[in-house]
Amino acid sequence: MSNNSVLKDEIKVDPGLLSEVRKYGKFDVKGCYNCGTCTVSCALTKDSASFPRKIIRYVDMGLKKLLKSSLEPWLCYYCGDCSTTCPRQTEPGEAMMTLRRYLTSQYDWTGLASKFYLSKVWEIGTLILVGGLVLVLAVLFHGPIVTSRVELNTFAPVNLVHSFDMILLFTLTFFVLSGAFRMYWFTMVKGNKVRMPFSLCFTEFKTLILHASTQLRFRECTDKTRWIKHFLLVSGYVLMFTMIVGFLWWFQTDNIYPIYHPQRWIGYYATVVLVIFTIEILISRFKKIEQIHKFSELSDWLFPILLLLTAISGILVHIFRYLGLPLSTYYIYVIHLIIAVPMLVVEVPFGKWAHLYYRPLAIYFQAVREKALQQQMDKGAVPTSGT
Amino acid sequence: MSNKVGACMVVGAGIGGMQASLDLANSGIKVYLADSKPSIGGVMAQLDKTFPTNDCAMCTMAPRLVEISRHNDIEIITFVDIDKIEGKPGNFTVTLKKRPRFVDEDKCTGCGSCILVCPLGKIKSSGNGDKKLKPISDEFNVGLSNRSAIYISYPQAIPNVATIDKEHCIYLLNGKCGACKKVCSANAINFEQKELIIKLNVGAVILCPGYELFDAKLKPDYGFGKFQNVITSLQFERILSASGPFSGKVIRPSDKNTPKRIAFIQCVGSRDFERDYCSVVCCMYATKEAIIAKEHISDLQCDIFFMDIRAFSKGFEEYYNRAKKSGINYIRTRIPSVKEIDKTKNLVIEYLTPDDRKLSKEYELVVLSAGLRPSKFSNEIAFKFGISLNEYGFCSTDSFTPVNSSREGIFVAGTFTEPKDIPETVTHASAAASNVLSLLSDDTWTLTTYKEYPVEKDVKTLEPRIGVFVCHCGKNIGGVANVPEIVEYAKTLSNVVHAEDNLYMCSTEATEKIKQRIKEHDLNRVVVGSCTPRTHEPLFRSVIREAGLNEYLFEMANIRDQCTWVHMHEPEKATKKAKDLIRIAVVKARLLEPLQRKKVSINRDVLVIGAGLSGMAGALSLADQGFKVFLIEKEKELGGNLRKLYYLLNGNNPQEYLKNLIEKVKQNKNIHLFTNVKISSIDGFIGNFKTEIIVDDKKVEIEHGAIIVATGAKEYKPAEYMYGKDIRVITQLELEKRLAKNWTPGVESSGSSKNIVMIQCVGLRDENRLYCARICCSQAVKNALKIKKINPNSNIFILYRDMRTYGFNEGYYTKARQNGIVFAIYNEDKKPVVIDNNNNLSVKYFDATIEKNIVIDTDLVVLSSSIIPYPENKELAQMLKVPLDQNGFFLEAHMKLRPVDFSTDGIFLAGLAHFPKSINESISQTKAVAARIGAILSKDSMELEGTLSEVIDENCDGCAYCIDPCPYKAITLIEYIFDGSVKKTVEVNESKCKGCGVCQATCPKKGIFVRGFKLEQIAAMVNAALQP
């Protein structure tokens, strides 16, 4: 009862946390009675990282420090099992989704992520603003307009576009890396009792690559089809991204390759999966078919819509070029850029796109944590109070 | 002349309906007891044992079943549906439709020959090729066994007559068979029987149709109905029962092997978004089933998966602790699903440890603690009787009128209104009976009859002819001792002319047989070797009385409680001891003499001690029944603890109710009110009490026939959590007072923060006070919701161990969670700490899931402190000669079936003096007391026992040794002139005497003895006991 009894291993309650989190989406844990059904139902929960119950408790109790140092929201692939089994219908899966939005805004030092999530005006306004900027650049810097035949590389010289791509790439990489670093800082340095041998960061790096490219853990969820759909969508996206950023000179050409050429196949594959699965997501969200699509925030709509529009406008560029319609090709090309660039600028560092790196990073960090804990336990020092 | 009818219809003959019927019939109301099933008894008949005493359910209820079946003023109408009701309170006409059972109830003896010959009873499994003959699953064993198409639900069934299941009977379906008709020597089978319309004229109706067990198939993830070894709690109850499908052997359905690991899953069909109420009984019945199962299988592992263990009634917390000590595991996880291992048919359950690690465990058997649903008849009954149901489908009642339906003259009781336990059901039923008695107070004894016994045969001069009847008591006796061997032994004893055994000697069939044997063999003494005289002696005495013998020519050998139960694992020794006990009883029986009971007149006034809610409500009920009541209160003001309650969870205003209640009490001509009272002495016995009280320094003497103890209890003033040291630490009652006076939390604190921390179980559930005070969880929820209503921006944290918002209060707990009130669990061994750091108040507790000490800055700490008994209870208990329980509350006669009676006749118990309880529970309890008293005082006189003390004047020299030891103060010294000199002797007041025998033991001169326990009788018994 005296001041002396204040232990080091204690944490203060911030009653405002719940209402802060709730701004980022549905977080209806009010009816929750902490029964544990969600965590038992979850196929991904582990001893070292159990969710959703514990994480929901952090928010419910107002334990912000613990929440910010948690990797668990990212380890959840949102299969929705917890939400369907919850005896209180509190939608723990959606609560984890909301926490991913919240954490994205916490990792972001600019404050823009928070602005975009909390204000539709900010998000849509920024998209329009960046789109307008692209239009201005296109008007100012486009090359000669050849109308006799389609010469896209004359209208938008590959070198110029590539340079623009590179500037964009570096800028976004800077934000991505700074976000990733802050994530590392909150979760691995500040909020961690276990000492992290730096060597583990290298030895476990394979985890990052593996999960970033395959989302393998998604397969452990009860519904396997969701992983396949998601994997195909990601594969299309990654292929297209690689082609544009790394091989634009090969991808954006005025030569028409024969039908068996890999350039055409890659392009067709990528755009088709993008179109099919973004439409699938949008329909499911619209009709609230799957548990995970029952609740949709603006950010949940924007990413697939912009992705779909980018793919469709890309396909149209391709079609117009093949049909030999020069002006239509140039216009649609500019429109394509007006959609794609703002999408990347807003979504990659500040929006839903960020899960592409935060989630594999979390799996990677978690692997490092587990290895570090294992090493310490092997040495005989058990730091946590686990029973 | 009143135009009301002195009769009542009781719908539903479970333990509640039975209680109401007995209370009414004993108070002079003709009762029609109707049930849709072929026999009465309800769910309690299916139970093995009852918590927290582990008394055998059938053993405690069987005497009542028999009493009802033998009661002249209770007409049992089974296999019947309600058609309609017309009329008005005091004079209803109820139309019933009695379904044909194809057996003449008057002719059938319940011998069971028909059941044995029915071809449908012989089918072993459904796979015998004949598609037409499918086994019929036995409802009583919840589908774990099969039955014939003609059947009697259970061995002790009342009425003990067979019923033909027309859905399955081969004869009724296609005109062939008729095997039962051929074999029935009573000629009772009647395939032509038609539906019977019965019209009854009654003054009131009590509805107690009971509940339905939740259909676990609606939760497919548990695999009930799909996995053979996933069963419901009621099925497990049957498995545990000696009369169950496996004769009391605990085995699992799939392979009939003994399970080594059993899991109990709680809250199946309770406490979810579709059924947002708590079923009240499941935590304790799972605990009981686990304890009993472990008694059957010593190395059994039992895991109970729960959310909150709701052990909130008297003795429950202690029972829960006992279960934990015996090695039963309680694991706090709500289980979402069960998986079956195909090969072994074992089951796998995944669960969480307190620190949130996921584990999985394999079990041989999984028991689903299925919740209580409204009766399947609820909607129909509500429609036909024009009464309203609540949102959950149970009958709606009001806090202050807990047994009234929305229609006048129609009363409700038991689980029809809310899930409840047996004692609460019994209490509720008596309360409903009390309301009927108030309504029909002018019409009692108008439609009743008197039971005439045959003239007693004079046996004084006859050579003893003894009949010995040995009971198997299901498996209780027969499963341990060799009963046939005992019977054969009994036949060898001198004067024994007949001996036989029976599965249940207390069944109607068996008692009829006893009467028959008395006539056949001209028996003049009867010995029954069975359970215990405590419950069954009155029954057998009455049986031999019906056969023309004096009731005291009966002797009981206690071969269950004192033999097979204690020597469960030594069958041979048990058999030998049972023989010894039978021999001793036979020797005593030879010396038995007929005794007569005396009648004493009774005073029909009632003393009510304590004028709080219970005292006043009880006094009013009795006054309404027409009794004169002396209501005494130690304080100046009336109202007791109710004065401190300002609002209820459902929004009702108790202060308004209290004002009305006080007004009614003060104006009632039958109630004589005394305040500022001190009791100086209580003397006397049932029917004739004399109490001296001091009112304002003046002595007043009151004569009365019964007493209600309604002295209440008080809030504990905590010594913990800085209470009394910091003004920011207060109790729930203190908070309620502030909130009632429009105090806004947060306003008076300096900053913007307005945090409130409530701590549950203060001064409770620990080594100092073992019990749970039942209502504090609901009280905290109530006050927290009130604060949120006043100031939605306040942050409220409730630190608890188990939230015990039982019944419909669960809905308010959910509401509290939804309103953003934060609930956190603290561990018993790491209690929260209140810290005052430079005037900043905070509460620290250890959170096991988060594995951290958590500090909450707060402006106010509210302690949900215990309700404790008054220390003065001790003194009052001594005056009344009644016991207190280990916690200092008054102790009732029997926790299940006599919840408002004391073991001392004529003294009753209501309200917080018994145990902490809510307003509606106090009201039902006090009304129940009113009904029990009504049953005693509605008659002019009372019969005494025959076995009382008697003085042999010529032996007594007035030494007075016996006077002081007599615990009932029944003996006085007198002097008279005899042969010219002073003769001293003692005299016994028979009304006070209990026949305990202390006087006989102290007397050096053989001058005083107890009839039926004479020294020579006892000496003979001792000699018989010492015989090799």
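In the predicted model, Lys844(B) and Glu10(A) form a salt bridge. Their closest N and O atoms lie 3.6 Å apart. This distance falls within the 4 Å limit for a salt bridge, so the pair qualifies. Seven salt bridges are counted between chain B and chain A. Polar contacts were counted too, and 19 residue pairs make them across the two chains, with both residues at pLDDT 80 or more.

Several elements of chain B build the side that touches chain A. At least two residues each come from β20 (347–352), β40 (795–800), α20 (809–818), β41 (822–825), β42 (833–837), β43 (840–847) and β44 (852–857) of chain B. Of the elements, β44(B) gives the most, with six residues. By class, this side of chain B holds 22 nonpolar, 10 polar and 17 charged residues.

Strand β44(B) also pairs with chain A. Its partner is strand β1 of chain A, residues 10–12. The two strands run parallel and are joined by three bridges. Within this pairing, Ile11(A) stands opposite Ile854(B).

The extent of the whole interface was then computed. The size of an interface is often given as the accessible area lost when the parts come together. Chain B and chain A bury about 4,100 Å² between them. Carbon and sulfur atoms account for 53% of that area. In terms of residues, 49 from chain B are in contact with 43 from chain A.

Definitions and conventions
Residues numbered from 1 in each chain as written. Chains lettered and ligands numbered in written order. Predicted model: local features only at pLDDT ≥ 70, side-chain atom pairs only at ≥ 80, totals over all residues. Heavy atoms only, no water. Contact = heavy atoms within 4.5 Å. Buried area = accessible area lost by both parts, 1.4 Å probe. Salt bridge = Lys/Arg side-chain N within 4 Å of Asp/Glu carboxyl O. Polar contact = N/O pair within 3.5 Å; in protein donor to acceptor, adjacent residues only side chain to side chain. Helix = DSSP H or I, 4+ residues; strand = E, 2+ residues; numbered from the N terminus. Nonpolar A, V, L, I, M, F, W, Y, C, P; charged D, E, K, R; others polar. Pairing = 2+ DSSP bridges.
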